[in-house]
Amino acid sequence: MGQVTVTINERAYTVACDDGQEEHILQLGRMLDDKARGITRDVGTVSDSLLLVMTALMVADELTDAQGELEHLRGDGEAREQAESEVVEKLENVSERINTVAQRLEQS
């Protein structure tokens, strides 16, 4: 089991992690530190627990936005597939009509 120390708002926290995940955890810690520093820069000094809540809310908000964008992109893909399916169906109908007209012309 690995262990890393992340620093958030000038406080060090030792965190256990799976072996090989140390660098990833350090990157996440730096991301949280950036957000926490931004909050303290914007609103001033707050208690550690309030800073934790505010940072978590910012990350949750960003995650929600990203999930919404992903769902929108997936929806666009589904809409595109539906539109393509409708075009194929219309082309098949036109093809059948052309064949019917061609058969009638041949019979005349």
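Reader: A residue counts as exposed over 50% relative accessible area, as buried under 20%, and as partly exposed in between. Where does that put E10, exposed or buried?

Author: This is a predicted model, and in it E10 has a relative accessibility of 65%, so E10 counts as exposed.

Reader: Where is E10 found?

Author: E10 sits in the loop between β1 and β2. Its phi is near 65°, which is a positive value in a residue other than glycine.

Reader: What about N9, where is that found?

Author: N9 is found in the loop between β1 and β2. Although N9 is not a glycine, its phi is positive, at about 55°.

Reader: In which sense do β1 and β2 pair, and over how many bridges?

Author: The pairing is antiparallel and runs over seven bridges. As examples, T5 has T14 in β2 as its bridge partner, and Q3 has A16 in β2.

Reader: Which residues of β1 are on the covered face, and which on the uncovered one?

Author: G2, V4, V6 and I8 make up the covered face of β1, while Q3, T5 and T7 make up the uncovered face. In a regular strand, side chains alternate between the two faces of the sheet.

Reader: Changing topic: how many salt bridges does the count come to?

Author: The count comes to four. Side chains of opposite charge can pair when their charged atoms come close.

Reader: Which residue meets D48 in one of them?

Author: The partner of D48 is R11, and the distance from N to O is 2.8 Å. D48 belongs to helix α2 and R11 to strand β2, so this pair ties together parts that are 37 residues apart in sequence.

Reader: What does D33 form a salt bridge with?

Author: D33 forms a salt bridge with R37, and their closest N and O atoms are 2.9 Å apart. The two residues lie in helix α1 (residues 22-43), four residues apart, which is about one turn of the helix. D33 has 11% relative accessibility and therefore counts as buried. R37, at 34%, counts as partly exposed.

Reader: Which side chain does K35 meet in a salt bridge?

Author: The side chain of K35 meets that of E62, at 2.8 Å from N to O. This pair links distant parts of the chain: K35 lies in helix α1 and E62 in helix α2, 27 residues apart.

Reader: What about K35, buried or exposed?

Author: K35 is buried, because its relative accessible area is 15%. E62, with 37% relative accessibility, counts as partly exposed.

Reader: How far apart are the C-alpha atoms of L57 and A79?

Author: They are separated by 32 Å, and the two residues are 22 apart along the chain.

Reader: Last one: which residues gather in the patch of negative charge?

Author: E86, E89, E92 and E96 gather in that patch on the surface. One of them, E96, is found in helix α2, which covers residues 48-107.

Conventions
Residues numbered from 1 in each chain as written. Predicted model: local features only at pLDDT ≥ 70, side-chain atom pairs only at ≥ 80, totals over all residues. Heavy atoms only, no water. Patch = residues over 30% accessible without salt bridge, like charges linked within 9 Å, V, L, I, M, F, W, Y side chains within 5 Å. Areas by Shrake-Rupley, 256 points an atom, 1.4 Å probe, with all protein chains shown as cover. Lys, Arg positive; Asp, Glu negative; His and termini not counted. Charge placed at Lys NZ, Arg CZ, Asp CG, Glu CD. Buried < 20%, exposed > 50% of the residue type's maximum accessible area, 1.4 Å probe, protein only. Pairing = 2+ DSSP bridges.
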